[in-house]
Amino acid sequence: MFALFHKMTHENYRLAIIQYLALVSILVLIPMLLYDLWKGSYNLAIALAIVIAGLVWVFYGCYKNTIKFESVQWGVIPLLSIIVFYAVQTLGFKALLWVYPSIVVFFITIPMKNALIFNLIFIFIFTIIGNDLADPQLLLRFLVTSLAVYALVAIFVTVIQRQQETMHYAAITDPLTELLNRNTLYDSLTEAIRQNVRADIPMTIIAIDLDNFKIVNDEFGHDAGDEVIRNTGKILSNGSRTTDKIFRLGGEEFLILLFSTSAKEAITKAEQLRKKFLVYGGHMPSASFGVAEYRKGETVTQWHKRADINLYKAKELGRDKVFSDLTDN
């Protein structure tokens, strides 16, 4: 569950970086294109025009969020390779200095596994090209320093990615139960509605609230209350599908989003969970459940509110109940 959210966020973050890199590259290359046209170097001008067009495509795709991170590499790899090759052809050996920032760009814009492989290929190809442009000693220094930059950037990017994973995990996860928290609820329900509209897939949510939870805290202390919350997370998680999303909304309130599940199926699920609370033992109280299947035309707020209303009705009926729109009042 966490991996999915991480992937989405990390992809958006890297696409934003790629967008700005593409914009800067466009602004740098346009004067070079105009200069080549002015000098009559039409072959070089055509190559640069192709690169600029590709960068515009990358920038627009990132800006409109119509391009996936995994697809960017198929534009970045050839475009940047052409740029460096163009620079070497026009400036000679000193243009190989462009290999160093290129290594950084590849690690940023390409999935790590691919970046590790392609950067090595990139370095050795331009080392071979430089063989005709510099003496062996200078070429060896270029190779060694390129590999040093390669290793350092690989380590740096790996550390940054792990830090980002840790921060993102903390941002979307409830520390007590390790369930999702309220921060991702709106986006998750919105995506569920989109899937319902697009493919007519039934989507149902179950609002859950522990009964008389305050008594547990008052009589047995907050440590016992925390243990009840943790055990609630275990009860809700055990037997859940990989597509189910379970949230702790705060206090003793929880919510389950069930993909491809009708209200009738969700009621069966809620009843199974209700019984687990009764036999768990310890200080575990009972729980009340409000079930609501998504209705066409509803907003996220309306859908969530209907589940809450059903939950309150379950409480009014004496707690330890499952209530839905299908329940016979």
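Phenylalanine 122 counts as buried, because its relative accessibility is 2%. Buried means under 20% relative accessible area, exposed means over 50%, and partly exposed lies in between (1.4 Å probe, protein chains only). Phenylalanine 118 is buried too, with a relative accessible area of 17%. Both residues lie in helix 5 (residues 112-129), four residues apart, about one turn of the helix. Helices here are DSSP runs of H or I with at least four residues, numbered from the N terminus.

The model is predicted: local features need pLDDT of at least 70, side-chain atom pairs count only at pLDDT 80 or more, and totals for chains, interfaces and linings use all residues. Residues are numbered from 1 along each chain as its sequence is written, and side-chain values use heavy atoms, with hydrogens and water left out.

Now the rings. The structure holds nine aromatic pairs. Rings of Phe, Tyr and Trp (its six-membered ring) pair if their centres lie within 6.5 Å; planes under 30 degrees apart count as stacked, over 60 as edge-to-face, and the rest as tilted. Tyrosine 35 and tryptophan 38 have ring centres 6.0 Å apart and planes at 40°, so this pair is tilted. Both sit in helix 1, three residues apart, about one turn of the helix. Tyrosine 35 is partly exposed because its relative accessibility is 44%. Tryptophan 38, at 71%, counts as exposed. Phenylalanine 118 and phenylalanine 122 also form a tilted aromatic pair, at 5.9 Å centre to centre and 35° between the planes. Ring pairs link Phe106, Phe118, Phe122 and Phe126 into a cluster.

Helix 1 spans residues 2-39. Leucine 34 belongs to helix 1. At 51% relative accessibility, leucine 34 counts as exposed. Together with Ile30, Leu37 and Tyr42, Leu34 forms a nonpolar surface patch of about 390 Å² accessible area. Patch residues have over 30% relative accessible area and no salt bridge, and nonpolar side chains (Val, Leu, Ile, Met, Phe, Trp, Tyr) are joined within 5 Å. A salt bridge is a side-chain nitrogen of Lys or Arg within 4 Å of a carboxyl oxygen of Asp or Glu. Helix 1 gives the most to this patch, with three residues.

The largest pocket has a volume of about 530 Å³. Its lining counts 24 residues, and those closest to its centre are Ser25, Leu29, Leu80, Ile83 and Trp98. On a 1 Å grid, a pocket is an open set of points where a 1.4 Å probe fits, with protein on both sides within 12 Å along at least five of seven lines; lining residues have an atom within 4 Å of a point. Helix 1 gives the most to this lining, with ten residues.

Terms used: Patch = residues over 30% accessible without salt bridge, like charges linked within 9 Å, V, L, I, M, F, W, Y side chains within 5 Å. Areas by Shrake-Rupley, 256 points an atom, 1.4 Å probe, with all protein chains shown as cover. Helix = DSSP H or I, 4+ residues; strand = E, 2+ residues; numbered from the N terminus. Points joined across faces, edges and corners; volume = space filled by probe spheres on them.
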